[in-house]
Amino acid sequence: MRAALNRDGVGVVVTHTLHGMHGVTVISARAKIALLSVALTGVFLPAQIARAVESVAPATMPPTCVAGSECRLPEATFACSLDTALAIAQAGSDRGQQAGLSAVQAGTCEIVPAHRWFAVEATKSAQVMYATDKGKHLGYIPIGMFAPAGSTTTCQGPGFCAVRAGPPVWACPSATDLALGSPEAKSAGKCVQVGEGNTGEVGSAVASTGPIALSFGSGGPFQSSYYLARGDVIGIGVTPRPTPAGRGWCKPGDLCVTSAPTLFCADRAAYERILTTPVGEPRRTAITSEPGCRIVIRGNPMKPRGVPAAGDPTKLVAVEHPVFKIGWASAGAFKVVSFKLPLRFTERLSDIRIEPDHSPALAATALTGQGSGAATGVFRAGPKERLSYCKKVKGDKNRDDASACVASMPDETRTAKANCYRKTVTLDGRSYRLAEKPSGSSADIHIDADRQWLFQDIASSEWLDGSTRSDEATVATAYNALCPGTMPEASWSVVYRDPGAEYPRELIGRWFNDRRACRDPKRNQPDYDEYGVLTISLQERTGTRDFEFPQKVNAVRRVGQAAWEVDGSHAIDDVEQPEIFATTTYSLTRGGLSLKRDGTTSSWVQCR
């Protein structure tokens with residue numbers, strides 16, 4: 001990768017003193033990074049004084065390349081113009097390395113990563129070799145000179161790039177505003193200052209010259225994309241792709257894009273000391289006095305290593321940042337930190353919806369077996385849904401156009417069915433399955449690069465590509481409505497819980513799976529496990545063995561004179577599983593109670 005790091009033509013030596021990188025020494029409070037003027041619990045942090053640049057001792061491993069052959073070096077090195085490479089080689093180890101880093105900043109050298117294969121040829125100087133990569137020019141290599149451990153490359157998209165080490169840099173809404181002459185003019189142009197190490201996403205390939213646009217998230221007084229000078233950002237390796245902030249939740253162990261700014265501290269105790277200081281100037285002073293703390297703006301990729309401890313008022317969570325490495329941050333930097341897909345419960349059936357891209361939403365009017373192997377829903381786009389859509393399209397103030405829009409759309413009803421265990425859904429006579437994106441699939445402009453799960457038309461084997469023509473939004477929201485908690489990349493799911501749902505009174509009581517239990521005097525003890533136990537109350541079913549986890553009742557339907565279908569859900573001791581759904585048929589018989597679920601039937605008796 002290319003690594004031209006200009007600083008507007010100024011040759012500034014920047015060695016790698018970012019936290020967590022090899023060769024870092026403890027930095028002073030004066031060297032604290034500063035952030036754009038972003039609010040954090042009432043604190044607005046001003047730009048700070050630049051940190052002193054630390055020197056990093058160079059690697060001294062000998063070259064392993066022989067002229068006329070392919071080779072790779074054990075450490076990163078420099079690829080430069082001939083004159084620059086010769087000057088670096090002749091400067092000696094420490095000065096040569098500093099000269100190489102200055103040349104990278106000036107754009108006359110790039111950093112070649114360690115272990116990269118390239119071919120070398122001899123030059124007139126024994127201190128320099130000419131390198132090519134698959135026949136393409138790479139540059140001249142100063143023999144025996146290596147870049148510092150942790151050296152990075154030029155910012156190239158698509159990918160993630162970080163603000164280079166040193167004082168805060170300017171980030172502007174437009175590339176032209178970067179040329180404004182004074183800080184006052186830049187501030188008037190809504191430019192902000194961003195501290196070192198803050199990381200944003202570059203959405204497309206970067207041009208060879210000019211400023212680079214980085215996305216730091218959106219919301220509040222700041223926009224989503226800012227332009228930074230090319231020399232103010234460096235490329236970093238972030239794989240796999242972080243979970244986008246728009247997904248709504250972050251699973252511990254996954255790298256996720258933050259949705260809010262946060263204080264980051266390498267030490268939890270330092271973080272807690274800062275939180276005890278009053279908001280305002282005392283807190284600003286406390287932050288700048290802690291060498292391991294800095295503000296991280298939203299849009300940074302971070303990996304939570306767990307969830308906040310129950311009852312912890314600070315809601316701190318251990319995190320990993322690609323530049324700052326291991327530390328602590330507020331769980332509020334993510335919308336939700338959870339091992340499970342967030343579930344919302346509603347008592348309004350109309351909250352369960354199918355949402356096409358370019359037509360009115362359809363609200364559920366009937367729902368059975370939600371989350372089960374035989375989920376069915378009837379959805380309708382009635383006057384309320386059509387009016388809401390038309391206002392969105394025509395505008396709230398244009399009542400005549402909105403009314404005409406509503407009148408032009410028919411009242412629409414659609415039925416969807418799903419097998420949530422098999423991850424299939426049927427809509428308008430066509431069936432689809434939810435599956436992981438096949439490896440090696442061709443790039444498609446409609447499919448979000450973050451997506452790993454797609455719907456496939458079962459009959460044609462075609463993958464829904466996210467385009468309007470494929471109607472993926474309709475299929476995906478229909479499946480999510482019927483099968484809450486089973487779409488790995490959903491932001492949330494809604495579970496319907498009928499406010500009037502109760503287990504029939506005929507079923508209430510303590511049941512056993514063997515009549516011999518009735519002769520056991522210990523059968524009513526709380527921990528009884530000689531035979532299977534099933535206890536049914538108005539709102540909940542509990543028991544032992546297969547019924548160990550309490551199940552809440554979501555909906556009840558009478559299907560016979562003494563038979564009922566009950567939709568229920570329960571949580572289990574598994575951090576990966578948000579909720580288990582099932583539909584069970586309860587039938588009273590002459591001998592007791594018959595339970596049918598998942599194709600199996602069991603018999604139960606009550607003791608007199």
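The following legends describe close-up views of a predicted model.

Local features are given where pLDDT is at least 70 and side-chain atom pairs only at pLDDT 80 or more, whereas totals for chains, interfaces and linings use all residues. Residues are numbered from 1 along each chain as its sequence is written, and side-chain values use heavy atoms, with hydrogens and water left out.

**View 1**
Seven strands form an open sheet in the order E23-E24-E25-E26-E27-E28-E29, with antiparallel pairing. Strand E23 (353-354) and E29 are the edge strands, each pairing on one side only. Strands (E, at least two residues) and helices (H or I, at least four) are DSSP runs numbered from the N terminus, and two strands pair if DSSP finds at least two bridges between them. Five bridges connect strand E24 (residues 362-368) with strand E25 (residues 375-381) in the antiparallel sense. Helix H6 (residues 383-394) packs on the sheet, where the helix touches E23, E24 and E25. The direction of H6 makes about 65° with that of E25; axes are lines fitted to C-alpha atoms, for helices over the stretch in contact, and angles run from 0 to 180 degrees between N-to-C directions. Contact means heavy atoms within 4.5 Å. In a further detail of the strand pairing, Ala363 stands opposite Arg380 in E25.

Gln456 belongs to strand E29 (residues 453-457). Gln456 counts as buried because its relative accessibility is 9%; buried means under 20% relative accessible area, exposed over 50%, and partly exposed in between (1.4 Å probe, protein chains only). Residues up to four places away in sequence not being counted, Gln456 touches Ser431, Tyr432, Arg433, Ser461, Glu462 and Trp463. A polar atom of the Gln456 side chain lies 3.0 Å from the backbone oxygen of Ser461. Such a polar contact is a pair of N or O atoms within 3.5 Å; within protein, one must be able to donate a hydrogen and the other to accept it, and residues adjacent in sequence count only if both atoms are side-chain atoms. Glu472 is 16 residues from Gln456 along the chain, and their C-alpha atoms are separated by 9.5 Å.

**View 1**
A search of the whole structure finds seven disulfides, a disulfide being a pair of cysteine sulfur atoms within 2.5 Å. Cys80 is buried, with a relative accessible area of 4%, and Cys109 counts as buried at 4% relative accessibility.

**View 2. The disulfide between Cys265 and Cys293.**
Cys265 is joined to Cys293 by a disulfide (S to S 2.1 Å). The two cysteines lie 28 residues apart and link distant parts of the chain, Cys265 in strand E17 (residues 262-265) and Cys293 in strand E18 (residues 293-296). This disulfide is right-handed because the torsion about the S-S bond of Cys265 and Cys293 is about 120°. Cys265 is buried at a relative accessible area of 0%, and Cys293 is buried at 1%.

**View 3. The disulfide between Cys420 and Cys483.**
The sulfur atoms of Cys420 and Cys483 are 2.1 Å apart and form a disulfide. The torsion about the S-S bond of this pair is about -80°, so the disulfide is left-handed. Cys420 lies in the loop between strand E26 (412-419) and strand E27 (424-427), and Cys483 in the loop between helix H8 (472-482) and strand E30 (493-496), so the pair ties together parts that are 63 residues apart in sequence. Cys420 and Cys483 are both buried.

Ser493 lies in strand E30 and counts as buried at 0% relative accessibility. The side chains of Ser493 and Asn480 are joined by a polar contact of 2.6 Å. The Ser493 side chain also reaches the backbone nitrogen of Gly485 at 3.1 Å. Apart from neighbours within four places in sequence, Ser493 is in contact with Leu341, Pro342, Leu343, Arg344, Asn480, Pro484 and Gly485.
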